Every structure is written in structure tokens, then in C-alpha cells.
Amino acid sequence: MTIIERRALIGAGLVALASAGVAARASAQNFPSKPIRWVIPFPAAGNYDVTSRLVGEAMGRRLGQTVIPDNRPGAGGIVGLEVAANAPADGYTVVMGSFSVLWIGPYLAGKPSMVPLFAPISLLTTVPMVIVAKTDSRFADMKAVFAEARAKPGTVSIGHAGNGTTNHIGILRLQVNEKVQFNIIPYKGSGPGLSDLMADQIDLYTDQLTTSLPQIKAGKLKALLVLSPERISQLPDVPSLSNIGTQPFDGGTTAGVFARIETPAPMLDTLNGAVVAALKDEEVSRKLVELGAVVRPSTRAEFAAYMKDQEAGVSELVKSGLLKPE
């Protein structure tokens with residue numbers, strides 16, 4: 001190849017790169033120019049589904065495009081995440097997920113974390129987690145719980161909705177922070193666990209607020225602690241982690257929306273703006289609060305920081321052997 005030919009080839013390559021860059025910028029400026037698919041990795045009518053549809057509809061109005069819900073349940077959310085991970089990284093496919101679904105679920109199944117595959121767009125909501133006891137429980141507060149757990153390690157029984165759930169992780173983190181040992185009992189969902197609590201088969205139960213709140217209001221259960229850094233509006237008299245002097249962490253069921261990691265930043269910014277605006281819509285916010293959720297619009301950076309904090313906390317549980325693959 002002659003020098004002239006080499007120069008011509010290099011020049012053609014530079015022109016191609018420049019053209020591709022112009023096309024990418026034009027695509028980002030015109031985004032979105034068609035409907036967006038919102039993958040929901042769980043069945044219809046559940047909390048994830050209802051939240052996705054509420055936010056997606058308002059998000060679509062903001063963007064001037066339809067946001068199409070696409071339920072892809074299976075394998076604890078992994079099926080839906082794989083659908084999103086295999087879609088083009090063009091901003092037209094987003095997926096609702098959580099740290100539990102992206103990191104803990106794959107870990108317990110002996111698979112790699114899916115966190116590196118996705119870029120956080122915005123947090124959506126947190127359903128607070130509470131530790132509840134029967135109204136006539138011998139424990140007046142968490143101070144009494146910790147005192148007995150220290151004096152008699154492994155005798156205070158506390159249930160949760162299944163290994164690897166947010167409920168389970170919250171108990172483990174509290175146990176590590178307070179240097180106590182509970183008798184931790186897994187159940188297949190909140191129903192059986194709360195039934196055993198009411199039948200005096202266990203002392204305490206860690207539950208999503210949405211499930212326990214009706215029984216708390218009815219006077220059948222009492223909430224001893226909210227697993228969050230701050231108190232929550234639904235139970236303003238119940239102490240938070242900060243209130244009892246333990247190391248605070250976000251122990252609720254927190255969901256957010258993601259896109260493939262390779263998605264161009266300008267498109268992620270556009271999606272973030274639309275999601276945040278949707279969450280701040282009065283009607284959307286009201287309906288989400290009625291579901292028992294705390295609405296959490298965020299920047300992309302805030303969402304990424306939340307994911308890192310969760311990974312740091314759970315990694316300690318893995319290192320200590322408290323959380324193991326099944």
C-alpha cells in the first residue's frame with residue numbers, strides 16, 4: 001500500500017467516525033422518537049407492576065411518547081433483567097429492579113451480579129420494613145429485645161419472608177450492627193410468618209409496612225422499629241435505626257429504574273428527568289403513598305451511591321458467612 005493509499009484509508013476512517021459521532025448526537029437530541037419499553041420483572045398486579053405503570057404513564061406524558069409495560073416474570077426477577085440486558089443500549093428499553101434482584105438473587109443462585117450490566121436512572125420508591133410483635137408481647141421496645149438477645153444468644157426468635165429477601169437482609173444487618181444473635185426463621189411469604197407470630201410461635205417478625213400496617217392500626221400488632229435511617233410518616237411514633245442509636249441503613253424494599261450500562265449519558269439524563277417529574281406529579285405521588293410507599297425521586301448519582309452502599313453492607317454479610325448461596 002502506498003503512502004497516498006494509506007492516507008486515503010485513514011481519512012476515510014476519520015470521516016466515518018465523525019459521521020457516527022454526528023449521528024449519535026442527533027439521535028440523543030431527538031430522543032425519544034418512538035415508544036419506550038418498560039420491562040417489569042414480576043407478574044401483573046403486584047407492587048412492582050402497579051408502581052411501574054403509574055410512573056410509566058406519567059413519564060410518557062412528559063416525554064411525548066408512550067411507555068409500554070412489559071411483564072417478564074421468572075426466577076425472582078432474573079428473567080426480566082436478562083430481557084433488558086439483551087435489548088439494544090439505545091434508551092428505548094428500561095427495567096424496574098432493585099439491589100436485591102440485581103445482586104442478591106443472582107448471588108444466592110450461584111450466578112454473577114447483574115449490577116455491572118445496568119446504569120441507574122432514578123430511585124422510585126421504598127416500601128418501609130418494620131419489626132413487629134404481638135400487642136401483648138413481653139418486649140416493650142427494641143432495647144428490651146437487644147437486652148434479652150445479648151443475655152440469651154439465639155433465643156429471641158424473629159421471622160422473615162424468605163432467605164435473601166430484604167426482610168432477611170435487614171435482620172442480618174441489624175444483628176451485626178448490634179452484635180447480637182437472633183434465632184432467625186425463614187417463611188415462604190409474610191402470611192405464614194405473621195400467622196405464627198399471632199399464634200405465639202415466634203417472638204418477632206420483620207415485614208413490609210404494606211402487609212403489617214392494617215394489623216398495627218387494628219391493634220393486633222405493635223411496631224417496635226422501622227428499618228430506615230429516619231422515621232416514616234405512616235408510623236411517626238415508631239423509632240428508626242437512628243433513634244435507637246444503631247448504625248443506620250436503608251432496610252426497606254427499594255426499587256428503581258435502570259437501562260443498559262452502555263446507554264449514552266444524554267439519553268439517561270432525559271430518562272431521569274422524565275422519571276423524576278413523574279414521581280413529583282401530585283396524583284402519582286398520592287397513589288404511591290396509598291400503596292404504603294415512600295416516594296424517592298433521585299439523581300443518577302444518588303441512585304448509584306445507594307447501590308454502592310447496599311453492596312458494601314451485604315458484602316460484609318457474605319464475608320462473615322451470614323449470607324450464603326443456597
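Analyst: Here is a quick tour of the pockets and the cavity in this predicted model.

User: What volume does the largest pocket have?
Analyst: About 920 Å³. Its lining has 44 residues.

User: Which ones are closest to its centre?
Analyst: Phe-42, Ser-100, Val-101, Thr-165 and Thr-166.

User: And which helix or strand gives the most to that lining?
Analyst: Helix H4, with six residues. H4 covers 99-108. Others supply at least two residues each, including helix H2 (47-63), strand E4 (118-127) and helix H11 (300-319).

User: What classes of residue line it?
Analyst: The largest pocket has 22 polar, 18 nonpolar and four charged lining residues.

User: Next one. How much space lies in the second largest pocket?
Analyst: About 170 Å³. Among the residues lining this pocket are Pro-128, Glu-230, Arg-231, Asp-250 and Arg-296.

User: How does that lining split by class?
Analyst: Four nonpolar, two polar and four charged residues.

User: Switching topic. How many cavities of 30 Å³ or more are there?
Analyst: The search of the whole structure finds one.

User: What lines the cavity?
Analyst: Ala-84, Ala-87, Pro-88, Thr-93, Val-94, Val-95, Phe-118, Phe-258, Ala-259 and Arg-260. Strands E3 (93-97) and E10 each supply at least two of the lining residues. E10 runs 253-260, and this strand also supplies at least two residues to the lining of the largest pocket.

User: And the classes there?
Analyst: The cavity lining has eight nonpolar residues, one polar and one charged.

Key. Residues are numbered from 1 along each chain as its sequence is written. This is a predicted model: local features need pLDDT of at least 70, side-chain atom pairs count only at pLDDT 80 or more; totals for chains, interfaces and linings use all residues. Side-chain values use heavy atoms; hydrogens and water are left out. On a 1 Å grid over the protein atoms alone, a cavity is a set of points where a 1.4 Å probe fits but cannot get out, and a pocket is an open set with protein on both sides within 12 Å along at least five of seven lines; lining residues have an atom within 4 Å of a point. Grid points are joined across faces, edges and corners, and a volume is the space filled by probe spheres set on the points. Helices (H or I, at least four residues) and strands (E, at least two) are DSSP runs, numbered from the N terminus. Ala, Val, Leu, Ile, Met, Phe, Trp, Tyr, Cys and Pro count as nonpolar, Asp, Glu, Lys and Arg as charged, and the others, Gly among them, as polar.
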